[in-house]
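Biologist: I have not worked with this structure before. Please take me through how to read it, one feature at a time.

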Amino acid sequence: MEQSVDKFALIKYEDSNNNGFIDKIFYDLDGDKIFEDSVSFAALGLRDTQPLFSTESIPIGKGQEKFKGIVNNIWLRAQQAITFAEKEGISTDWYNFYKKPLSLHQKYEYGYWLNFYIYHDLRDHYKAIGNIQKLKQLDKAFYSGNWQFIN
């Protein structure tokens, strides 16, 4: 009798320079527990540090404003990813469900997943055609949050 094993995608985060911020990400998207891909912020020329803020000292109204700003930034990045992917000939129709969030929280979640899935679709595309230059530009654009890095 064959035993069924559930396979889940794995993402491993590493702080290789011990400064308290993630600077390397490993991907096992087929769930075989072998990390087939990795991205190093240092290799891309990206800083791994980010500004920090203490939530305990922020009044609830200011916290909500900050969250809305973060959500709107994620959503803008998702829209840029969609536009870029379609310009590259990659269909984003698979993700129509995520394109119509009904709440601020859904906008946060769906924006994240749109960015993530489209990024990986583009990575697969550039690997398939052997375009290493575009692959590096794509990594930098995705991890910096600036789609202007790819042309």
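Biologist: How many helices and strands are there in the chain?

Modeller: The chain has four helices and three strands. Both are DSSP runs numbered from the N terminus: helices are H or I with at least four residues, strands are E with at least two. Their order from the N terminus is β-β-β-α-α-α-α. The C-alpha trace of the chain spans about 55 × 45 × 40 Å along its principal axes.

Biologist: What should I know about the model and the numbering?

Modeller: This is a predicted model, in which local features need pLDDT of at least 70 and side-chain atom pairs count only at pLDDT 80 or more, while totals for chains, interfaces and linings use all residues. Residues are numbered from 1 along each chain as its sequence is written, and side-chain values use heavy atoms, with hydrogens and water left out.

Biologist: What span should helix α2 have, and why?

Modeller: The expected span of a helix is 1.5 Å times one less than its number of residues. Helix α2 covers residues 60-87, which is 28 residues, so it should span 40 Å; its end C-alpha atoms are 41 Å apart, which agrees. Just after α2, G89 takes a positive phi of about 90°.

Biologist: Which residues of α2 are buried?

Modeller: Buried means under 20% relative accessible area, exposed means over 50%, and partly exposed is in between, with a 1.4 Å probe and protein chains only. In α2 the buried residues are V71, I74, W75, R77, A78, A81, I82, F84 and A85. Their cover includes α3 (104-128) and α4 (132-144). Across the chain, buried residues make up 31% of the 151 residues.

Biologist: What does I118 touch, beyond its neighbours within four places in sequence?

Modeller: Contact means heavy atoms within 4.5 Å. I118, in helix α3, is in contact with A81, I82, A85, T92 and Y95 once those neighbours are left aside. I118 counts as buried because its relative accessibility is 0%.

Biologist: Is R123 buried or exposed?

Modeller: R123, also a residue of α3, is buried, with a relative accessible area of 4%. Not counting residues up to four places away in sequence, R123 touches D37, V39, L135, L138 and D139. For the chain as a whole, among contacts between residues at least 6 apart in sequence, 47% join residues at least 24 apart.

Biologist: Which residues of the largest nonpolar core touch the most other members?

Modeller: In soluble globular proteins, nonpolar side chains tend to be buried together. A nonpolar core here is a set of buried Ala, Val, Leu, Ile, Met, Phe, Trp, Tyr and Cys residues joined through side-chain atoms within 4.5 Å. The largest has 29 residues, and L114, I118, L122, Y143 and W147 touch the most other members. At least two residues of this core come from each of β2 (24-28), α1 (41-44), α2, α3 and α4. Helix α3 gives the most, with seven residues.

Biologist: Where is K99, and what does it touch?

Modeller: K99 is in the loop between α2 and α3. With a relative accessible area of 24%, K99 is partly exposed. Not counting residues up to four places away in sequence, K99 touches W75, I82, E86, T92, D93 and L114. K99 and I82 are 17 residues apart along the chain, and their C-alpha atoms are separated by 9.5 Å.

Biologist: What volume does the largest pocket have?

Modeller: On a 1 Å grid over the protein atoms alone, a pocket is an open set of points where a 1.4 Å probe fits, with protein on both sides within 12 Å along at least five of seven lines; lining residues have an atom within 4 Å of a point. A volume is the space filled by probe spheres set on the points, which are joined across faces, edges and corners. The largest pocket has a volume of about 1200 Å³. Of its 29 lining residues, F41, Q50, R77, Y143 and S144 are the closest to its centre. The largest share of the lining, five residues, comes from α2.

Biologist: Which residues other than glycine have a positive phi?

Modeller: Most residues other than glycine have a negative phi. Residues with a positive value include N18, at about 55°, and K33, near 70°. N18 is in the loop between β1 and β2 and counts as exposed at 68% relative accessibility. K33 lies in the loop between β2 and β3 (37-40) and counts as exposed at 65%.
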